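Hi,

Here is the structure I promised to pass on to you. Have a look at it first, and then read my notes below.

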Amino acid sequence: MAKQGVVIVGGGIVGVSAAYWLSKNRIPVTLLDQYEVPNRWSASGDHLQLFGLTHGRDAFYSEMSAKALAFWRVLNKESGAEVFCAHGMLDLAEAEHGYEEDSLRVLKDMRVPAQRLEKKHIAKLYPMINTRAVRWGLFHKDGGIIWAFRAVQALASLAQKQGAKVRPHVRITEIVKDKNGIRCLRDAAGHSWEGERFIFAGGCWTPKLLAQWRLPVRVTRQAQIYVRPLLNSGRYRPQHFPVFSVKSAGFYGFPLHIHGFLKFVDDRRGPLEKKPDPAAAKDAGTVFEKKCRKFLGRFIPELERFTESESSIGYYVSGKDGDFVVDRLPGAPNSFVACGFSGKGFGLGPVIGGALADLAQDRKPEINLHRFRISRFKR
Ligand SMILES: Cc1cc2nc3c(=O)[nH]c(=O)nc-3n(C[C@H](O)[C@H](O)[C@H](O)COP(=O)(O)OP(=O)(O)OC[C@H]3O[C@@H](n4cnc5c(N)ncnc54)[C@H](O)[C@@H]3O)c2cc1C
């Protein structure tokens with residue numbers, strides 16, 4: 001590794017995690033972001049994100065989540081801040097056999113503590129849930145909330161303490177290549193950023209930033225809403241009400257947090273967006289609000305008539321087959337890209353960042369990146 005080290009574009013969870021791991025190994029690293037690190041326009045810049053180990057039958061993701069869980073616990077200690085709170089996660093099943101049953105089987109195989117909750121247990125523990133709408137529930141205590149903004153802040157600050165340089169307000173507009181790969185990056189102010197290796201973790205801006213590679217990814221508009229309960233707000237506190245998901249209905253939700261609001265996210269794939277611009281995104285509109293009321297009316301009826309709410313649009317990036325893209329850039333062997341994390345990239349960000357740090361040091365990543373290769377789309 002030459003003295004110039006690694007240049008990372010993107011100070012979301014993936015970029016700061018890569019900076020953290022590289023600087024921990026004393027590799028010179030410079031992290032660039034067009035805004036502050038963290039910033040509210042990045043996907044990583046929300047107050048909080050869900051973390052869970054349930055991924056249906058996809059044990060590979062559950063195993064990655066288990067690795068991430070260990071890291072989030074370490075980060076709580078290392079940063080001295082409460083970044084991750086494991087109050088548990090509840091998956092509500094509308095049918096007997098399906099995603100939740102597969103998830104339970106995988107967790108059992110991995111020896112992750114998880115329990116099946118029958119309707120009567122759900123009614124007793126979470127009286128706000130309409131048990132006529134659900135068949136059973138899967139609870140695992142290791143799921144919970146990650147305070148996202150705070151987590152990015154903590155990782156950036158630890159990386160800086162370890163020697164990383166963080167440079168906000170640097171927007172990369174040009175990539176200069178030669179026959180060996182990428183030679184340098186140019187920013188909007190005309191400065192050049194040289195490095196031995198380059199990592200691109202630009203979230204929804206990645207397809208534009210790496211336009212010459214025509215990455216096989218799609219960007220979709222995704223809506224979420226913050227809702228204040230009209231009554232009984234105490235019982236939605238994280239100690240009493242976990243993060244939860246109804247996979248079949250396409251929504252997941254959070255307990256009460258900042259300013260007494262609950263958050264609900266529509267996880268179903270939204271409309272395609274050719275020119276994502278988080279800084280210009282408006283609220284999610286009345287049609288989405290109606291969908292939320294319908295979802296709540298079915299699963300948590302007392303929340304259906306909310307009067308105070310705030311919705312917003314974010315962007316999922318996903319590989320065209322729905323999976324992640326983490327790989328060396330074709331024709332640029334000194335450079336790597338990571339994007340396409342749809343709605344599960346925050347919790348897994350530190351593991352992806354670790355894999356990128358390994359790649360940039362010519363080390364074999366701890367996770368097998370084979371399924372995330374760009375070349376899979378050519379087959
Ligand atoms: C509505 C919504 C809800 C979600 N909920 C969850 C959840 O509950 N749990 C979960 O695990 N995941 C969730 N996700 C997914 C998760 O937020 C993302 O997968 C993850 O944050 C992506 O991180 P990132 O670092 O790749 O990108 P980002 O966080 O978007 O960061 C990219 C950074 O790159 C910078 N950048 C881009 N281009 C340039 C450039 N040219 N020059 C300089 N800087 C540049 C940007 O400014 C930005 O700061 C959700 C996503 C959305 C949209």
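The centres of domain 1 and domain 2, taken over C-alpha atoms, are separated by 30 Å. Domain 1 covers 6-45 + 149-216 + 321-377 and domain 2 covers 90-144 + 218-319, with bounds that come from an automatic or database domain assignment. Please keep in mind that this is a predicted model: local features need pLDDT of at least 70, side-chain atom pairs count only at pLDDT 80 or more, and totals for chains, interfaces and linings use all residues. Residues are numbered from 1 along each chain as its sequence is written.

Where the domains touch, 17 residues come from domain 1 and eleven residues from domain 2 (two residues are in contact if their C-beta atoms, placed from the backbone, lie within 7 Å). The domain 1 side of this contact has nine nonpolar, six polar and two charged residues. Here Ala, Val, Leu, Ile, Met, Phe, Trp, Tyr, Cys and Pro count as nonpolar, Asp, Glu, Lys and Arg as charged, and the others, Gly among them, as polar.

Now to the ligand. Both domains give residues to the shell around the ligand, so it lies between them. There are 40 residues around the ligand, and Gly10, Gly12, Gly203, Gly314 and Gly345 come nearest (a residue is near a molecule if its C-beta atom, placed from the backbone, lies within 6 Å of it). Elements giving two or more residues to this shell include α1 (13-24) and α8 (345-360); helices (H or I, at least four residues) and strands (E, at least two) are DSSP runs, numbered from the N terminus. The largest share, four residues, comes from α8. By class, the shell has 19 nonpolar, 18 polar and three charged residues.

α1 also packs with another helix. Its axis and that of α5 (residues 148-161) come within 8 Å and cross at roughly 30 degrees, where axes are lines fitted to C-alpha atoms, for helices over the stretch in contact, and angles run from 0 to 180 degrees between N-to-C directions. α1 and α5 are therefore roughly parallel to each other (angles under 35 degrees count as such). In α1, Ile13, Val16, Ser17, Ala19, Tyr20 and Ser23 meet residues of α5, among them Ala151 and Leu155. This contact has ten nonpolar, two polar and no charged residues.

Pro38 sits in the loop between β2 (29-32) and β3. Most peptide bonds are trans.

Best wishes

How values were computed
Parallel < 35°, antiparallel > 145°, perpendicular 65-115°, else oblique.
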